[in-house]
Amino acid sequence: MNWLTEPNQLVLSELRRSIEGKMFFAAVLVVLAAQTAVGSTAERRYGDLRDWYLNNVHLVNRNRNYTEVEVAMPGRDMPTRLCDERYGKLFEELEYLKNLLSKCTGCAGKLTHPANDDECSVGTCYDGVRCQLMNDDEPHCGLCPVGYDGDGVSCGKRNACDKKPCFAGVQCSTRDDYPYYGCGSCPAGYDGDGRKCWKKDLCARRACFPGVTCKWTDESPFFECGSCPVGYEGDGISCGRNPCLQNPCFRGVSCQKKAVDPYFACGACPPGLAGNGILCGKDSDSDGAPDEGLDCPERSCAKDNCRMQPNSGQEDTDGDGIGDACEDDIDSDGVKNDSDNCPYGFNPRQEDSDGDKIGDACDNCKWVKNTNQLDLDRDGKGDVCDDDIDGDGKKNAEDNCQRAYNPKQEDVDFDGIGDVCDNCPTVYNRYQVDSDGDEVGDACTTHLDSDGDGRQDDRDNCPFVANAAQLDTDNDGRGDACDDDKDNDGVPDRVDNCELIWNPNQADRDRDGRGDACDKDFDGDLVEDSMDNCPRNGQIMRSNFYNFTTVALDPEGISQDDPYWVILNDGAEIFQKFNSDPGLAIGYDKVEGLDFEGTFFIKPEYFQDDDFVGFVFGYVSNRKFYFASWKRQEQDYWESTPFEAYATSGVLLKLVNSQTGPGTMLRNSLWNDAGIQGQTKLLWQDRARKGWEFNTPYRWKLLHRPKIGLIRFRLFRGSVLEADSGNLFDYTIKGGRMGVYCFSQALITWSNLVYRCNDEIPRDIYNLLGSEQRKLVKPSNDNWLS
């Protein structure tokens, strides 16, 4: 009950006037007791004295002998109502209290009378505390100053932090001014002033990818995102579209996500099939064109114009809808293609002035024998009859690099050999002797190759990290393999969202983790990643053997012709015409991690030959490379010098690490099945010893991961697996160039040649590796064996 209501305040004001302000608070206690007593004996209702006083201001008659009291409303002179006898009793009680309090006036004076100066000496109380005499006539000290605690004599600064005024976990410190404490910062994940803290609403700031649920958590970063939307992948903060999760590609075909519509790209169809990867149809000749057209717009969906013979370029010289590979007489000169010395040029008389088996109608050196038809500068003149082979404006006789374009003729060491072709550009070596065939002249060789990548340390842009390709994206002299800022944009690669493209602002509008500058094209070579054979190498976009180099492995032999190479399908198909000495056609591009595939096809000559067809990878020099070789039938080599060489039928893989280089020793070692000390090493040989067959397309697939020495080879006839090497391991070569190989076999086609840069390991191959090997490589989401 609130006893200090308005009517009671009026009563108390009467008491104050009666006792002149003395013992006022004691009277209050008495009034409170009296009111409690009244309240206990009478029910509160309208007409009760307390309610009546709310509407009345003063008493008209104070005579306690009256049992009825006349009253008047404020502002009126005449009474308007009489009181019953209960109110008379209350007035008697009030009169009693008035008399009682009057007797205590002296006591009240002692309680409130301040002490004299001589009674409270300086220092009796704490500085600023009032000194007073109480009823014992002794000086007493008042309350300590605001912000202090004590008895008035001694006061200490109050520790406001004891009451824990700050938020849980927030530091509290005392202060001299009000409120005598201060709070530190709110805990991580909270906002506020330290006294009051509340959870940060990070979710309201769109911390998660649009459409992803967000909730608050107690641990950093103080929010948690749900799963990415359907068709996307990521951590919920950043999500990238990945329709591959919905398996849009043909069964067994790899899927790669893209940053643009339709946000995915499918890989190549399985062996024996062709198409765009979404749709795949039968491909009888394994040249990448389906037997029947598919309902898709890509070139790879168009019907094959020559179903039973590989022709990946689909060349059709006469435009009759039948591919040149299926035409008996492409140039319609009456001479069958296989016998025609110029199959693409009309020459019914087959003139051949220089006797090199190349008809005058298509011979680039009509009067000088040149079976290989090499034309370095592609000016239509064969190198053997071109007075400026490299087309740099310097006649061969005056050119210090006849086979390398160098119009300025730089020659730092003044040895007469231009810097661009000098195997010791800073050391005089007129005769360019290179005993070990490593492309470094003897005059400057150190035999020091710390990382074993085939590059001498002083010529290696990463001397302690293997990088056979020597890729240097920013051209700063430091190879990408050991450069922590490959694009030189000032952002370290470990946090750069475009490692190979300069983008210091790191803009990423779609928040997929890849910067806008490289969203579609990671290496900046203007070819979208899904179409790029090497999406992290700006120097390689597609498979191309146009700029090939011929390598004669028996340059002194005269029993057979040198190979005659024809490049088709924009560099993705090679044809070799003659029954020749061992030779290679090596492409220009260098890679490290490699996927390499292609199709073998051999047509019969007028007699049934049975020798070697193959391909090369990891080519470092004419002394050092890996190759696959496949022979149709077993046979001894007819040249028994320097040793008798024997080959069985079947396919095998070898390492060439020759001490002598091209010549008779290497030639016989290539023929021989078993490895030869100082020349070759046998890595694997198919136990089935099954030879190839004429007019039959065979598709090979090779995987090479130099980082762990992994080599895996598979051979298909259509969709049927013919041979599988299993996982092989050899660490000799860290990467190099690719090419094709033949030895004493004519009319060979290597069709639909495809090489890709790849350092990842297909998931099913990765699962077969040992634990230590797995630590060194990254698995992909693709499967290679299925």
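Strands here are DSSP runs of E with at least two residues, numbered from the N terminus. The model is predicted.

**Exercise 1.** Find where proline 642 lies and state which residue a cis peptide bond joins to proline 642.

Solution. Step one: strand E26 covers 635–636 and strand E27 covers 646–647, and proline 642 sits in the loop between them. Step two: the cis bond links proline 642 to threonine 641, with omega about 10°.

**Exercise 2.** Repeat the analysis for proline 179: which loop holds it, and what is omega of its cis peptide bond with tyrosine 178?

Solution. Step one: the loop runs between strand E7 (172–174) and strand E8 (181–183). Step two: omega of the bond joining tyrosine 178 and proline 179 is about 5°.

**Exercise 3.** Phi of serine 286 is positive. Give its value, then decide whether serine 286 is buried or exposed.

Solution. Step one: phi is near 55°, and the residue is not glycine. Step two: serine 286 belongs to the loop between strand E18 (280–282) and strand E19 (549–552). Step three: buried means under 20% relative accessible area. Serine 286 has 5% relative accessibility, so it counts as buried.

**Exercise 4.** Classify aspartate 570 by relative accessibility.

Solution. Step one: aspartate 570 lies in the loop between strand E20 (565–568) and strand E21 (573–576), and its phi is near 55°.

**Exercise 5.** Explain why helix H6 is largely enclosed.

Solution. Step one: the buried residues in H6 are Leu666, Arg667, Asn668, Ser669, Leu670 and Trp671. Step two: H6 spans residues 664–671, and six of its eight residues are buried, so the rest of the structure largely encloses it.

How values were computed:
Residues numbered from 1 in each chain as written. Predicted model: local features only at pLDDT ≥ 70, side-chain atom pairs only at ≥ 80, totals over all residues. Heavy atoms only, no water. Buried < 20%, exposed > 50% of the residue type's maximum accessible area, 1.4 Å probe, protein only. Helix = DSSP H or I, 4+ residues; strand = E, 2+ residues; numbered from the N terminus.
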